[in-house]
Amino acid sequence: MNAPAPILADSPALISTRFTVPGMRCAGCIGKIERELPKVEGIIAARANFSAKRVAIQHDPALDETALTSALLAIGFEAQPVADNPLGVETHERKRLIRALGVAGFGMMNVMLLSVSIWSGADGPTRDLFHWLSALIAMPVIAYSGRPFFASAWMALSHRRTNMDVPISIGVILATALSLYETITGGGHAYFESAVMLLFFLLAGRVLDAVMRDRTRAGIGALLGRMGKSASVIGPDGTTRRVAAAELEPGMLVLVAAGEALAADGAVEDGASAIDNAMLTGESAPEPVAPGAIVHAGAINLSAPLRVRLTAVADDTAIAEIARLMDEAGQSRSHYVRIADRASRLYAPVVHSLAALAFVGWMIAGAGWHQSLTIAIAVLIITCPCAMGLAVPAAQVVASGALLRRGLLVKDGSALERLAECDIALLDKTGTLTLGTPRADIAALGAEARSVALGLAQASRHPLSQGLAAALLHEGVVPAVIDDLREVSGAGLSGRWNGVEVALERPDDAAQSLATRLRIGETAQTIAFADPLRTDAAATLAALRAEGITASILSGDRAAPVEAAARELGLAATAEVSPQAKLAALEALKAQGRRPLMVGDGLNDGPALAAAHASIAPGTASDASQQAADAVFIGEKLMPVALAVRVAKATMRIVRQNFGFSIIYNVLAVPLALLGLVTPLIAAIAMSVSSLVVVANSLRLARATQGTRQ
Amino acid sequence: MTGLAFLIPIAIGMGLLGLAAFLWSLRDGQYEDMDGAASRILIDEEDEL
């Protein structure tokens, strides 16, 4: 490696903190982080993990997370501290599988080396010696590498169920036992290489599966963690201290600064401001609050500090209630049976009865129990779902990798399977069909007005002001100097420009809440805001229709904007739906036998996302929604949603082809095995060829995402 | 046939060596950041020596 990061020996005085840095995109970023951070006093070393978008910083305990975050921000990277290795369990699982795969690979190559000599004609004492050597290598390898399968099969059997691992385990154990018997008695056929090779190919499938899950988890972990998790509690003596959200108690008085997220539910005691409740309701317009108003955890205070008396904390907040709904709704999904297990439910009994029939048949035909058992085992091995074990994960890993490059993170293989089955789509409006941020229409403003508007707007954190400022800055407007600038919550901004009274204020027409009025002296102009539809929303819906999925809008927003969007896109729409009602709508669809796809971003969509047959959330969605969704898409385009459905369907086509191939292969091979014509050589060749064909067929999916490139 | 007495231990020994190297690289964290490793080669050394 060209640029090794300085890793110092752990010294007891240093501590290590880890951050997710989603903005790390190139080699330059790695170099910048690892070179620039140690220049900050107190930071000893920084090490970037590019795949997981994480940075581990070794630093002086005197520096806290806030200082480190701002150090990262100073060199241009937004960062979030991460809890101590929450994903450790999964990484451990993947490493265990990779180790088992390595051991199986070693065993397979060496046993095969010996087996090839036997097939080439070694016999007599040489063959016996080679059998013994194979046994010495294969036994420990099988004991070690087979553990994931044996453990899973035992688990299934002890719950009186069967899964893919049961026939695998029986086949491997029987084949090993018979081969050992053959070796001890000096017989001609040992199946050690088949047993080890079977484990190798199946482990390859499992590793692919685990790698896919880990990769997506890392991507989603990098997006998470933007919620306020502590509050400033005002003590009886007027001093404030930070208290973690979990330790807040009802009755506490907290100070919520402008721009801060509430950590618990409460009632406003003092102050007037506007809050952004988009997290709960999905509504993008800010809501004015005054003393007495009820505010909920997750809402963001926009303009002025508020004193809030807490009424409900931790598990009693409205957010926690929604989280509970999500949890319960998600339960139904765990009953989903993956295609590989569905196949094995049909497959396992057939294989076992065929093997049993072969044994009984040959016994009746007068062959000895030894020959009958050999044939039965040959049947088990040749039908062992080697290609089947690879059929599903190979296709899914290729598909999810291709989708990842197009900006869509799919959480696991089961999500792809469920996406492919969806037949109706429900979309939230704000933040899903639209971008979720108000954009100002500034075409009617003159140069002077623009300059004044920017001077006013850039002083406020109100989303409308920020949207206006962003639009003006985009046009290259230079802000005017405004004196005596004041912000009155719920009313607007006012100030003085060259001695003239200027203001950005609420228009008189209250229904038009997504607008502001610019007043310069006596002249007033209304600036309208729109939350524009994503540019490719119509194209995406057409693409979904082409896949046979009808879409409709299910939104918590007010009826007027929802209807406007619905008219523009030609969709049916339901507005002002509560989170519970969204959940009920999905349950009703499921009860009719439909398989709904839910696309939404707000926390109010959370339960619906969890209950839907499959769900997708944008990368700007609340943390909880991203957790509940099966897939997350990044960027301003909606097309990844349609692409996900198309690729999921293509994946299932490939998976079915893979299964079809496995079945054809079995139809050809099983009669040979039943007739006792399958030697270990034939078993080994057949197994490798079928696995390679399945992998090659799956690789075709890499091209499937390229059709809709725009 | 006496050649086998040498060749087989050598073959298995080399296999074991490869396995040990693989397990070591796994433990050493060389598979932790595959994309990063690919990018790091592009970083210029800036040591003024």
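Predicted model: local features only at pLDDT ≥ 70, side-chain atom pairs only at ≥ 80, totals over all residues.

Trainee: Okay. How many helices and strands are in chain A?

Mentor: Chain A has 23 helices and 26 strands. It runs to 710 residues, and 48% of them are buried.

Trainee: And what share of its contacts comes from residues 24 or more positions apart?

Mentor: 69%, counting contacts in chain A with a separation of 6 or more.

Trainee: What about chain B, how many helices and strands there?

Mentor: Two helices and zero strands. Chain B has 49 residues, and 8% of those count as buried.

Trainee: How many residues of chain B are in contact with chain A?

Mentor: 21 residues of chain B, and they meet 21 residues of chain A. On the chain B side, the elements giving two or more residues are α1 (2-27) and α2 (34-40) of chain B.

Trainee: Which element gives the most?

Mentor: α1(B), with nine residues. By type, the chain B side that touches chain A splits into 12 nonpolar, four polar and five charged.

Trainee: Switching to sheets. What's the strand order in the open sheet with β1 of chain A?

Mentor: The order is β2-β3-β1-β4 in chain A, four strands with antiparallel pairing.

Trainee: Which strands stand at the edges, and what does that leave them with?

Mentor: β2 and β4 (80-81) of chain A are the edge strands. Each has a single partner strand, so one side of each lacks a neighbour in the sheet.

Trainee: Further in, how many bridges join β1(A) to β3(A)?

Mentor: Six, with the two strands antiparallel. For one pair to click on, A:R18 has A:A56 in β3(A) as its bridge partner.

Trainee: What packs on that sheet?

Mentor: α2(A) does, touching β1, β2, β3 and β4 of chain A. The direction of α2(A) makes about 55° with that of β1(A). Helix α1 (residues 27-36) of chain A lies across β2 and β3 of chain A, at about 165° to β2(A).

Trainee: Stay on α2(A). Which of its residues are buried?

Mentor: In helix α2 (residues 65-74) of chain A, the buried ones are A:L68, A:A71 and A:L72. They sit on the same side of α2(A), because they cover an arc of only 95° around the axis.

Trainee: What do the buried residues of α2(A) pack against?

Mentor: β1 (15-20), β2 (43-49) and β3 (54-59) of chain A. A:T66, A:S70, A:L73 and A:A74 are exposed on the other side of α2(A). Just after α2(A), look at A:G76: its phi is positive, about 100°.

Trainee: New topic, helix pairs. At what angle do α6 and α11 of chain A pack?

Mentor: About 145°, with the axes 9 Å apart. That is helix α6 (residues 165-185) against helix α11 (residues 369-383), both in chain A. Their crossing is left-handed.

Trainee: Which residues make the contact?

Mentor: From α6(A), A:I170, A:G171, A:L174, A:A175 and A:L178. From α11(A), A:L373, A:T374, A:I377, A:L380 and A:I381.

Trainee: Last one. Where is A:D423?

Mentor: In the loop between α13 (413-421) and β15 (424-427) of chain A.

Trainee: Why does A:D423 count as partly exposed?

Mentor: Because 15 other C-beta atoms lie within 10 Å of A:D423. Buried would need 20 or more, and exposed 12 or fewer.

Trainee: Which residues does A:D423 touch, leaving out those up to four places away in sequence?

Mentor: A:G548, A:I549, A:R594 and A:R595. A:E547 is 124 residues from A:D423 in sequence, yet the two are 8.6 Å apart in space, C-alpha to C-alpha.

Note on methods: Residues numbered from 1 in each chain as written. Chains lettered and ligands numbered in written order. Arc of directions from axis to C-beta. Contact = placed C-beta atoms within 7 Å. Nonpolar A, V, L, I, M, F, W, Y, C, P; charged D, E, K, R; others polar. Axes fitted to C-alpha atoms, helices over the stretch in contact; angles between N-to-C directions. Left-handed = near helix turned anticlockwise from the far one by under 90°. Pairing = 2+ DSSP bridges.
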